[in-house]
Amino acid sequence: YRGDGASEGSPGGSALVADAQLIYDAMAARPDVDRRRIVAFGRELRAISLLQQKLVDAQQAMEREYARVRGAETRYRLLFQLSDEPVIILDASNFKVVEFNPAASRLLRLGPKKTSSRAFMDAFDGASASILQSFFSTVRTKGKADPVRVSLPGDPAKFTISASLFRQDSAAQMLVRIVPEAGGDTSSARPSMVSLNTVMDRIP
């Protein structure tokens with residue numbers, strides 16, 4: 001009928017009657033068909049039409065959600081790379097480094113080949129490593145923990161470590177900030193980190 005699949009035109013009551021009459025006339029004109037034995041029947045298609053429309057709506061909603069997630073990931077990636085504070089992403093199951101920004105690479109001397117193979121605690125002195133092990137275990141269990149103070153080997157400077165738990169592709173990960181205590185008030189995030197944390201919270 002008109003408007004179905006590749007058929008031209010638009011469906012409608014009068015169009016349906018005209019099409020049915022045309023089909024009947026064509027069948028009745030055939031010499032091998034007895035017009036007294038022609039039966040016309042039809043089916044209600046509104047239910048199918050509604051299902052098709054729901055499918056289209058669902059596909060459009062998925063496309064909008066995908067675009068929203070990709071936009072959030074792009075903003076996160078930009079903020080992550082441009083942040084002037086060292087930021088590291090850890091695998092929450094084993095506390096190994098998954099990703100880090102340039103500031104973290106400079107501070108901890110992380111090379112590109114060391115991702116996913118080095119435990120974060122290995123970069124700190126023995127006492128700090130024990131503190132961090134307990135700290136990350138608490139974050140993994142409770143989702144948050146009070147920041148801790150740590151030191152690098154042979155460096156008298158102190159750093160404040162804070163972390164937040166999030167999920168990425170069904171895997172639990174941690175967003176870790178490293179703030180030098182000499183840099184001023186470490187109890188509040190800088191604007192760039194506020195934006196980064198906000199984007200991370202909004203990513204599904």
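**View 1. Overall composition of the predicted model.** Of the 204 residues of the protein, 28% count as buried, where buried means under 20% relative accessible area with a 1.4 Å probe and protein chains only. This is a predicted model, in which local features need pLDDT of at least 70 and side-chain atom pairs count only at pLDDT 80 or more, while totals for chains, interfaces and linings use all residues. Residues are numbered from 1 along each chain as its sequence is written, and side-chain values use heavy atoms, with hydrogens and water left out. The protein contains five helices and five strands, taken as DSSP runs (H or I of at least four residues for helices, E of at least two for strands) and numbered from the N terminus; from that terminus on, the elements follow the order α-α-β-β-α-α-β-β-β-α.

View 2. Five strands in the order 2-1-5-4-3 form an open sheet with antiparallel pairing, two strands being paired if DSSP finds at least two bridges between them. Strand 2 and strand 3 (148-151) are the edge strands, each pairing on one side only. On average, neighbouring strands of this sheet are turned by 35° against each other, direction ignored, with axes fitted as lines to C-alpha atoms (for helices over the stretch in contact) and angles running from 0 to 180 degrees between N-to-C directions.

**View 3. Strand 1 and its two partners.** Four of the five residues of strand 1 (residues 87-91) are buried. Five bridges join strand 1 to strand 5 (residues 171-180) in antiparallel fashion, and here L90 has M174 as its bridge partner. Strand 1 also pairs with strand 2 (residues 97-100), antiparallel and over three bridges, with I88 standing opposite F100. Five residues lie between the strands of this hairpin, in which F95 takes a positive phi near 60°.

View 4. N101 is placed in the loop between strand 2 and helix 3 (102-108) and is buried, with a relative accessible area of 0%. A polar atom of the N101 side chain lies 2.9 Å from the backbone oxygen of E85.

**View 5. Strands 3 and 4 with helix 4.** Strand 3 pairs with strand 4 (residues 158-168) in the antiparallel sense over four bridges, and the bridge partner of R149 in strand 4 is T160. Helix 4 (residues 126-142) lies across strand 1, strand 3, strand 4 and strand 5, running at about 30° to strand 4.

Note on methods
Buried means under 20% relative accessible area, exposed over 50%, partly exposed in between (1.4 Å probe, protein chains only). A polar contact is a pair of N or O atoms within 3.5 Å; within protein, one must be able to donate a hydrogen and the other to accept it, and residues adjacent in sequence count only if both atoms are side-chain atoms. Contact means heavy atoms within 4.5 Å.
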